[in-house]
Amino acid sequence: MTRCGAHHIHAGMRSALFFMLRNLGITCIASVTDMAVGYPQALVRRVGHPVMWIGGLIGMLDRRLNTPDTTPARRRANGFVASVLIVSVPTATAMLVDRAIRRILPRWLALPLTAVLASSLVAQRSLHDHVEAVAIQAHDSLPAARRAVSHIVGRDPEQLDKAGVLRAATETLAENFSDGIVAPLLWMAAGGLPGAVFYKSVNTADSMIGHRTPRHAAFGYAAAKLDDLVNLPASRLSALWIILAALTLKGMSARDALRILWRDARHHRSPNAGWPEAAMAGALGIRLSGPRAYNGISVAEPWVGDGPAALRPADLHRALALYRRACLLQTVAGFSAVGMLARHLFARRR
């Protein structure tokens, strides 16, 4: 290899490492920003939320491409077209915004501003607050607990007893730790702001049209399959964070988390949600999932875990403590990766 060729390879590797460092820096700042302040409700009322903007695009495509007079085969084909547009339009917009910020602003200001924008795509604080509200209300009032859980689950809460409400909240906490926190941060680390927007577009499409209902079974097929694919690495990583968090907390079992994960995760109705749910059930020594009803139709889902299914508010508080510790471990790991990569780059510079 010529000296010129080696120089180009070295420069390319260095550029790739700087790109990785920038994305990791954005990811860490975004995580801390969301953890500290979340997405202000005043901002939601004034300009909305990025997920709402993506949802508007999805709703428009659903109305135009998924009409009642369209055949199932045509609906499925239209669903593939819609999925491409749902992913490409927001991601391309994010790429333009990211590029504009980097061109207009100095580096020391561009990175934190991008990170603050990206923090809107993470839901650490929001998820914690919603689940904590269920735990607090469950101490005194079942109707109030049902109202609180209705904001975070798709099931009819009126069909749930107190234990069912608490299980639903715990399952949501585990599942959304993966697809609301770990996954957007992982895609952010890989692709910066555009990477996080790409993931959020896929995930929002799945939540809106990726259902096995008469209207969306065909049209939402592509969205559901794409969501399964992009969530696969995060679901495994989220289970790892939960197991490591259980190692650091009294009264929780990392060994049981691993055992239940190995035994029950693959039997879950979702190829991804079963991983963090099984890890959390094992760590807490409880049972999750199990038979349930959607729109009045009973579904015989298998149980996940070995412990009692009759959860108490204290169990949900323990789940929140496990969740907080898992989020903290993830953030510490991110900053550690930034430090190691920065040391490597500056050492090479010398």
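Contact here means heavy atoms within 4.5 Å. The model is predicted.

Helix H7 spans residues 142–149. Its buried residues are Ala 144, Ala 145, Arg 146, Ala 148 and Val 149. The cover over these buried residues includes helix H6 (124–138) and H8. At the N-terminal end, H7 is capped by Ser 141. A side-chain oxygen of Ser 141 lies 3.1 Å from the backbone nitrogen of Ala 144.

Val 149 belongs to helix H7. Val 149 counts as buried because its relative accessibility is 0%, and the cut-off for burial is under 20%. Leaving aside residues up to four places away in sequence, Val 149 touches Val 134, Pro 157, Val 165, Ala 168 and Ala 169. His 344 lies 195 residues from Val 149 along the chain. The C-alpha atoms of Val 149 and His 344 are separated by 46 Å.

Helix H8 (residues 162–209) also packs with helix H3 (residues 50–65). The angle between H3 and H8 is about 50°, and their axes are 10 Å apart. H3 is therefore oblique to H8. The crossing of the two helices is right-handed. On the H3 side, the contact is made by Val 51, Ile 54, Gly 55, Ile 58, Gly 59 and Asp 62. H8 contributes Lys 200, Ser 201, Thr 204, Ala 205, Met 208 and Ile 209. Of the residues in the contact of H3 with H8, six are nonpolar, four polar and two charged.

Conventions:
Residues numbered from 1 in each chain as written. Predicted model: local features only at pLDDT ≥ 70, side-chain atom pairs only at ≥ 80, totals over all residues. Heavy atoms only, no water. Axes fitted to C-alpha atoms, helices over the stretch in contact; angles between N-to-C directions. Helix = DSSP H or I, 4+ residues; strand = E, 2+ residues; numbered from the N terminus. Parallel < 35°, antiparallel > 145°, perpendicular 65-115°, else oblique. Left-handed = near helix turned anticlockwise from the far one by under 90°. Nonpolar A, V, L, I, M, F, W, Y, C, P; charged D, E, K, R; others polar. Buried < 20%, exposed > 50% of the residue type's maximum accessible area, 1.4 Å probe, protein only. Polar contact = N/O pair within 3.5 Å; in protein donor to acceptor, adjacent residues only side chain to side chain.
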